[in-house]
Each structure stands twice: as C-alpha cells, then as structure tokens.
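Please read them with the coordinates open.

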Amino acid sequence: MGRCFAEGSENGSLRRAFDAEEFRENAHKMVDFIADYYRDIHKFPVQSQVQPGYLQTLLPDNAPECPETLENVLTDVQNKIIPGITHWQSPNFFSFYPSNSSTAGLLGEMLSGGFNIVGFSWITSPAATELEAIVLNWLGKMLKLPEPFLLPGKGGGVIQGTASEAVLVVLLAARDRALKGDSTKSLEKLVVYASDQTHSALQKACMIAGIRKSNFRALPTNSSTNYALSPNVLQKAILDDIHAGLCPLFLCATVGTTSSSAVDSLKELGEISQDNGMWFHVDAAYAGSACICPEYQHYLDGVDAADSFNMNCHKWLLTNFDCSALWVKDSSALIEALSTKPEFLRNKASESSLVVDYKDWQIPLGRRFRSLKLWMVLRLYGVSNLQAYIRNHIYLAKHFEELVREDTRFEIITPRTFALVCFRILPPANDPDNGFTLNSQLLDVINSSGHIYLSHTVLSGIYTLRFAVGAPLTEEQHINSAWKTLQDKASILLESYN
C-alpha cells in the first residue's frame, strides 16, 4: 500500500485486494495500536469534548487519488478520530448501560471479519448456522430457559443485531399469527401493552408493524412497585380495551428497565397474557446477563409462559457489539411472518426442512458470523469466570450505593437491583423545581469535566442521575474516584444555591 501507479500502467489496477503477508504486517501494527488505546484509555476524556462539525474541518473534501500508508491513517485516527470518540470501554464510563468489549470478543470479531461470510442460509456456510444454534443452546441452558426455547424442537435461538430488532421480529410474528384465519380481528384493532418504563424500541416496532399509535399502551408505574408494571393496572387496561371492541395482541415485560433496572413480575404478567391469548415477550436486554448467576435467576421465574425472550450479550457479557440473543418457543411464527423464497435462494438443503435458514428469523437477508465471538467468549472465559465478572460489577455498584447513602446531601431514588444506582443531590427546601435544574447542572458539570460520564432519567417527576457499573476495566478505585468527583462538583454547586 502507499504506491500510486501512473494512468495507463499495466500495474495500474488493484489486482490483489488481500495479500497475506501485507495483512500480517499491518495487522500487527493495528493490534499494537488497539492495545495501546486500551492501555491509555483512562487518560482520555470519557465523553467526547468536540463540537458538532469538528471533523469536517480536519479531513479533506475528497477521497485520495492514490493510496496512503497505514501509518498516516493511524496518525489521523490518533489525532482526529479519537478526540471525537466517547470511550464506552473507559473504566470511568458509567452512562446508559455498558457495551462490553473483551480480548475474546475482539478476537472473535477478527476471525468473523477474516472469514467475511454472508450466512443467510445453512448452505451459504453450514458452520455459521450450526454454531449459532449450539452457542445459543449453551447460553439458554446457562439461563435455565425452559426446554421449548432450545433447538432441536419447535423453538430455538437466533442472534439479532439489537434488542430493537428482536422485539420487532416477534411483534411481526405475533401480528401475523393473530390475524391469520381470524376474521374477527383486524390490524386497526390490535393493541400492544407495556409499562411506561419499557424501552422506546417497542414503540418504534409498533410504528413499523402498523399498530395504531392510539393502540400502544404505555401503562403507568410508580415507586410503590419500584417502577415495575402492576398486574392490576395491566388487567384493567386489557378489560377496558376488550369492552371497547379491541383485540389484545402483545405484552412486553422487562427484566432490568433502562431507567432504573426495574423487574416486572413475569409469573403474574404471563398468566394474564395467556388468559387473553396474547404474545408474551420478555426483554432482558440488560439484566439477562446477570441471570447466568444462580442467585439472580429467580427474576426469570415465570419465563415458561413467555413466547419469546431476549438479552444483549453485547451489553454485559463481554461480547463485542452487536450480539443480541433472541429465543422463541415456536420458530414457525417467525418464519411465516418473515420468510421469502425467491428462486435464486432455493437449494436442496433448505427444501429438505432438515436445516435452519436464519434469514427467515430476521429482517435483513444477509447476516454476519456473530456466533464466533460469543463462542470464543464462552470458551475462553468459561461460565464461572463470567459469573464472577457480573458479581464484581454488582458488588461495585453496591459499594457506590453505600457511599451515596453515607452523604446526607444525596438520596437514593429507587432501590438498586443489579449494577445501576439511581440517585440525586437533594435540593434546598425552597427549590422551585425540586432539584430538576440542580441535578441537571450537576450532570453537565460532571460530564464536561471528562473525568467520568453519567446519564439521567426522570422517575415520578424527579430528575435522577444514573450510575451504571459495567465497563470491563472498572475497579473499586474508579468507583471511589467517581464519587469524589461527584462530591466535589456538588459542593461547588450547592454553595452557589446558598
């Protein structure tokens, strides 16, 4: 790379886009660059401090006519790209929910990228399909999912890109199953139920699936249930809709909501769902990882009533983005809703019905070899080490929670369940907006410092700071340092309020 041939030269074409020795040399340089990045990641501002449009002034308007050297490109990455990155793998990243990376996950990504297969059907790469089925059986057994969710059988697991894709495909399956052969139901009558804490991905899925906006029920929650969906509230909403001539279609319960990691009662909600012939989906995108630990598996009690279950391995299970595991009890519902069979995709294996074609379990046709990285994570770390990893983060979150409780200027907003702590700084007694502005200002000051990065939510009208522990490099020293930063910034803010 780096040499530009004159126009008309016999060597002027790119004859070999992949050269094994050139790759070996440059891959070593890239691995060194990435390793150095992780070594120094704690030195970078966690949240990018650049302004919108910053990169436009640093890069040329047009692509280069001639190839450049990898060294020059990496120099630009270091000087121009990294300043515009928010460092999700930083030990001081406590925002949103984690997006884990690991040595095993990165190696799996490298191998997947090296093979670069497009495994939409079994015949396009049998190993990709069969490994995916096997590793999702492994993970399903780690979670103690009921047998109907595993292959071989009517159900099984599939890797989606995100939980947003997962909830969309099962909603489409539920819609088509409900409308099939039932003239009493029509699309405009179908109703979807969830709590007001359910991820907004469900609302977007409803928009795509043609569910009327007026038929999406985001049922209210409050602190009395720690923001879990009340079965009584759900039952009343369903009865009201039935009396209005509507058709209950779909219920989404959450194990670990985004705002506060609330856990819905799967057992009670599942019974209501079954009584009303609804599709019951469990979104455990965040907290599903914790449920590989026996002491947290009780949060999945009642999952046997579910039609589908989803968790994100790329959140908290050391598997690089993207890897969202979805299990269904009856794969035929997905296939009937999503399958297409153009002539150019027909083959003996698919026609034999002896294989799985994952193209029929998802929205796109093409799919990456994502199971490789999950397989490598499970093999290179093992179940016991992954459990210890989860437990350590929950311990660190408990430690932070205790630090907050010890400072009377702060309060915990809702009890911690996993590794998320929801808290705020208490406002002065005469504060006109009950601390909304004060805590918003504290968050801005903290994040703009670059030392740590938090996010927020609003619970029962209270502006709430979210401290989510889960970055792979986070240790107790980072928790203590983050708390010191919070205390110092809070002291300065409170002085200005007095």
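What is the volume of the largest cavity?

1. Cavity volume. The model is a predicted one, and the remarks below should be read with that in mind. The largest cavity has a volume of about 40 Å³. With a threshold of 30 Å³ or more, the count is one cavity.

2. Cavity lining. The residues lining the largest cavity are Gln203, Cys206, Met207, Ile211, Lys213 and Phe216. Helix H6 (residues 201–209) supplies the largest share of this lining, with three residues. By class, the lining holds four nonpolar residues, one polar and one charged.

3. Overall fold. The protein chain contains 14 helices and eleven strands. Its radius of gyration is 25 Å, close to the 23 Å given by the globule rule for 498 residues, so the chain is as compact as a globular protein of that length. Along the principal axes, the C-alpha atoms fill a box of roughly 80 × 70 × 45 Å.

4. Of the 498 residues in the protein chain, 51% are buried. Among contacts with a separation of 6 or more, 75% are between residues 24 or more positions apart. The accessible surface of the chain is about 23,400 Å², and carbon and sulfur atoms account for 54% of that area.

5. Cis peptide bonds. Two are worth checking by eye. Leu151 and Pro152 are joined by a cis peptide bond with omega about -5°; Pro152 sits in the loop between helix H4 (126–142) and strand E1 (156–160). The bond between Phe321 and Asp322 is also cis, with omega about 10°, and Asp322 belongs to the loop between helix H9 (313–316) and strand E7 (324–328).

6. Positive phi. Phe96, a residue other than glycine, has a positive phi near 45°. Phe96 lies in the loop that runs between helix H2 (70–81) and helix H3 (103–115), and its relative accessibility of 38% makes it partly exposed. Ser460 is not a glycine either, yet its phi is positive at about 50°; Ser460 is placed in the loop between strand E10 (455–459) and strand E11 (462–468).

7. Asn434. Which residues does Asn434 touch, leaving aside those up to four places away in sequence? They are Arg424, Pro427 and Ile462. Asn434 is in the loop between strand E9 (420–425) and helix H13 (436–449). Its C-alpha atom is separated by 8.6 Å from that of Tyr463, 29 residues apart along the chain.

Methods
Residues numbered from 1 in each chain as written. Predicted model: local features only at pLDDT ≥ 70, side-chain atom pairs only at ≥ 80, totals over all residues. Heavy atoms only, no water. 1 Å grid on protein atoms, 1.4 Å probe; cavity = no way out; pocket = protein on both sides within 12 Å on 5 of 7 lines; lining within 4 Å. Points joined across faces, edges and corners; volume = space filled by probe spheres on them. Helix = DSSP H or I, 4+ residues; strand = E, 2+ residues; numbered from the N terminus. Nonpolar A, V, L, I, M, F, W, Y, C, P; charged D, E, K, R; others polar. Rg over C-alpha atoms; globule rule 2.2 N^0.38 Å. Buried < 20%, exposed > 50% of the residue type's maximum accessible area, 1.4 Å probe, protein only. Contact = heavy atoms within 4.5 Å. Areas by Shrake-Rupley, 256 points an atom, 1.4 Å probe, with all protein chains shown as cover.
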